[in-house]
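Let's take a walk through a protein structure together. Have a look at the sequence and the 3D view, and then we'll go piece by piece.

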Amino acid sequence: MESPLFDIKLNNLTKKFDSFTAVNNINFTIPKSSVTVLLGPSGCGKTTLMRMIAGLEKPTSGSIFFEEHEVTRVSTRRRNLGMVFQYPVIYRGTSVKRNLELPLLSEGLEKQVINDRVHKVAELLGISDSLNKLVEELDNGTRQKIAVGRAIAREPNIILFDEPITNIDINSKLELKRSLKELFGRLSQTIVYVTHDQTEAMTLADQIALMQDGVITQCAPPSEIYSKPGNQFAGWFLGNPGMNFIDKKHLTKTDSTVGAPTLFSQTLRVGARARDVAVLGIRAESVSVSTKEVSGAKPARVLRKSLGIGGQYLLDLDYAGLVIKVRVSHAMGREVSDKVWTTVDSDNISLFDENGVVV
Amino acid sequence: MTNSSLEIRELSKSYGSKPILSKLSFAIPSDDFAVICGKPGNGKSVLVRLIMGLEEADSGKVLVRGEDVTNSEPGSRNIGYIPQTFALVPHFSVQKNIEYPLELLNASKEEKAEAVERVAELLKITDLLAKKPEQLSGGQKQRVAIARGLAKPTDVYLLDDPLVGLDFKLRERLIDDLRVSQEKLGVTFLYVTSDSLEALQLAKTVLVLANGTIVQQGPLADVYDNPTNISTLDTLGFPEANLISGEVKNSVFESSTFSIKTNIKGYSGPAVAGIRPESVLLGKSPDAVVLKAQVTLMENLGSEIVSYLKVPGTMLKLVVSRTDNEAIKALNSNELSIFMKLPSIKIFNKQSGQWVGNGVSLV
């Protein structure tokens with residue numbers, strides 16, 4: 001859809017509710033024509049941040065720019081945004097077509113333009129066949145699509161989504177997700193999307209801005225934030241299970257190397273910051289497991305075995321008091337009994353300092 | 001069975017003319033972590049209420065520690081109960097909330113202190129004991145509720161979907177803590193859930209509840225690998241299994257997606273082919289069902305990617321690892337083929353749900 005491209009700049013943005021700081025001095029640029037997902041646990045400030053971008057919440061301090069225009073004190077109506085909320089905002093008792101037309105009528109557009117837009121939006125969302133249906137006839141996933149249609153029909157510069165899939169029933173969730181993914185690929189607007197669901201974020205985002213306690217702790221494309229977490233929180237929050245952390249007491253350090261001799265035999269060449277390393281992070285799937293003794297591999301006792309995604313086995317392994325989770329194939333998992341030997345590829349180990357920040 | 005902690009014999013319950021549970025039976029040995037997994041609306045809550053004695057069965061028996069308690073008062077059954085909702089007393093401290101069930105049992109001060117210390121440590125809430133419920137987050141409240149249930153000194157606990165509604169990361173931590181708690185306490189847990197991933201991660205023994213009865217029960221890995229009922233395949237597994245409707249005639253399964261010869265003997269009629277997402281593989285292979293496919297969505301779970309593929313007549317789910325670069329490249333190409341090995345295609349009687357055979361060769 002044709003539209004001028006806008007980026008969003010947040011300068012020293014803070015929002016306090018009495019003594020509680022919901023958003024804490026955020027400096028951040030949301031690139032134009034991309035999908036940025038604000039992801040984090042409940043209470044991290046993601047919704048407050050979006051509401052300030054929308055003009056629904058007044059910042060305590062700081063400023064917001066759309067391109068070079070400051071909008072901090074501009075009303076929501078004049079920010080030229082589309083918004084989609086948790087529950088579909090639609091007019092009941094009217095047709096799908098009417099629902100899509102209404103926001104355009106108030107713009108004073110010509111009839112033909114309105115008609116073209118409605119059909120274009122319906123096509124984008126795959127609801128062309130439902131245009132003449134009453135909204136009551138549709139499941140709530142399709143109703144949410146209409147709400148999305150209403151938001152994009154005016155062709156705003158920026159479209160904001162506040163957990164649009166969270167309250168949609170399970171049977172419609174997948175189709176809505178699929179539809180949004182396809183839509184995002186075809187729209188050129190700047191999209192900001194809030195969710196607490198990591199799978200949704202990883203599936204839909206061009207970049208994920210991960211939030212914790214009112215700040216953005218890392219912003220990166222999904223695969224990067226997963227494989228190269230910028231801090232321990234990112235390592236823990238993304239993935240099922242989250243990253244394993246190996247703390248100081250299991251580490252051996254020199255001025256330039258770090259090792260964890262109970263877990264792997266190699267030493268990691270870290271360079272000047274070796275002494276700063278306080279925690280190692282290893283993903284469950286980054287540990288190679290063998291049921292037979294292999295030279296250079298470390299032995300571990302199998303504490304627990306369970307099943308996970310796609311039939312893979314999750315093992316809780318005990319290396320003389322150090323317990324980590326590893327993931328193995330279904331076939332391998334079946335073979336595993338009480339002892340295994342493991343290795344870890346050096347490239348797949350993250351290093352964090354005392355504050356949990358990647359070294 | 002005398003060594004069962006909990007045994008249910010032919011339990012039935014109807015509401016008016018609507019049967020909820022019909023002749024449901026199972027037995028759980030002591031020290032087991034048993035999980036009843038069933039889709040929503042399958043009568044899980046009713047079963048829980050019957051076991052606890054909060055409702056009366058139409059027929060059948062409930063035995064706890066080998067003793068028939070069908071007609072006993074709830075309080076005399078001596079089962080620890082962990083509910084779905086927190087139900088904490090708002091003006092009591094966390095400590096007092098945990099002690100409360102013990103107070104009703106006239107426990108001594110020492111017994112109460114010992115119990116609180118033990119469960120607070122297991123659930124990692126020692127630093128919350130002095131707080132009031134309103135000062136806690138949702139996850140902390142549920143930890144307290146679980147601790148309160150476990151504080152009751154007994155050897156059989158019923159956990160009624162205690163993690164429902166908690167967000168994903170809180171659940172991940174509690175799953176670990178529940179497993180460790182059961183092991184350390186050396187007691188029997190019967191855990192009821194509709195979340196497949198929860199069942200897979202918690203269960204030693206799994207019981208699949210469908211159509212008001214337990215359709216399959218056994219060690220988790222055995223049940224997962226050898227589903228004898230379509231409901232087992234459908235209920236237990238993440239992502240959910242692929243199900244394709246068709247018809248069996250002269251041992252041939254026919255559908256609009258594929259037709260194959262099977263080892264089915266003595267059944268003809270409507271059938272469903274079930275294939276786990278991990279048994280749908282990328283590429284081509286001789287002696288396998290090969291289909292052209294089109295990707296409609298790739299869901300990124302971090303370590304895995306679930307792909308939803310359009311194939312003739314249906315949609316199939318497939319799982320690949322994020323580190324499998326070749327697979328990811330293939331999924332992004334226009335020309336995509338998938339294959340399913342014949343023995344991994346399991347056929348079920350559509351009406352009864354019973355497993356009737358597997359694929360053996362191409363037609």
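This is a predicted model: local features need pLDDT of at least 70, side-chain atom pairs count only at pLDDT 80 or more; totals for chains, interfaces and linings use all residues.

Residues are numbered from 1 along each chain as its sequence is written, and chains are lettered from A and ligands numbered from 1 in the order in which they are written.

Start with chain A. Its domain assignment lists domain 1 (8–236) and domain 2 (241–352); such bounds come from an automatic or database domain assignment. Taken over C-alpha atoms, the centres of these two domains of chain A are 39 Å apart. Where they touch, five residues of domain 1 of chain A are in contact with seven residues of domain 2 of chain A. Here, contact means that the C-beta atoms of two residues, placed from the backbone, lie within 7 Å. On the domain 1 side, the touching residues are two nonpolar, three polar and no charged. For these classes, Ala, Val, Leu, Ile, Met, Phe, Trp, Tyr, Cys and Pro count as nonpolar, Asp, Glu, Lys and Arg as charged, and the others, Gly among them, as polar.

Now let's see where the chains meet. The contact takes 31 residues from chain A and 24 residues from chain B. The side of chain A that touches chain B has ten nonpolar, 13 polar and eight charged residues. Which element gives the most to that side of chain A? That's α6(A), with four residues. Helices (H or I, at least four residues) and strands (E, at least two) are DSSP runs, numbered from the N terminus.

Next, zoom in on A:D247, which sits in strand β11 (residues 244–247) of chain A. Is A:D247 buried or exposed? A:D247 is exposed, because it has 12 other C-beta atoms within 10 Å. The cut-offs are 20 or more other C-beta atoms within 10 Å of a residue's own for buried, 12 or fewer for exposed, and partly exposed in between, with C-beta atoms placed from the backbone. A:D247 and A:Q232 lie 15 residues apart in sequence and 12 Å apart in space, C-alpha to C-alpha.

On to a pair of helices in chain A. Helix α2 (residues 96–105) of chain A packs against helix α3 (residues 111–125) of chain A at about 130°, with the axes 10 Å apart. Axes are lines fitted to C-alpha atoms, for helices over the stretch in contact, and angles run from 0 to 180 degrees between N-to-C directions. That angle makes α2(A) oblique to α3(A): under 35 degrees counts as roughly parallel, over 145 as roughly antiparallel, 65 to 115 as roughly perpendicular and the rest as oblique. Among the residues making the contact are A:L100 and A:L104 of α2(A) and A:V118 and A:V121 of α3(A). By class, this contact has seven nonpolar, no polar and three charged residues.

Finally, chain B has nine helices and 21 strands. Of its 363 residues, 46% count as buried. Helix α2 (residues 94–104) of chain B and helix α3 (residues 109–122) of chain B cross at roughly 125°, and their axes come within 10 Å. That makes α2(B) oblique to α3(B). In this pair, B:I98 and B:L102 are among the α2(B) residues that meet α3(B), where the partners include B:A115 and B:V119.
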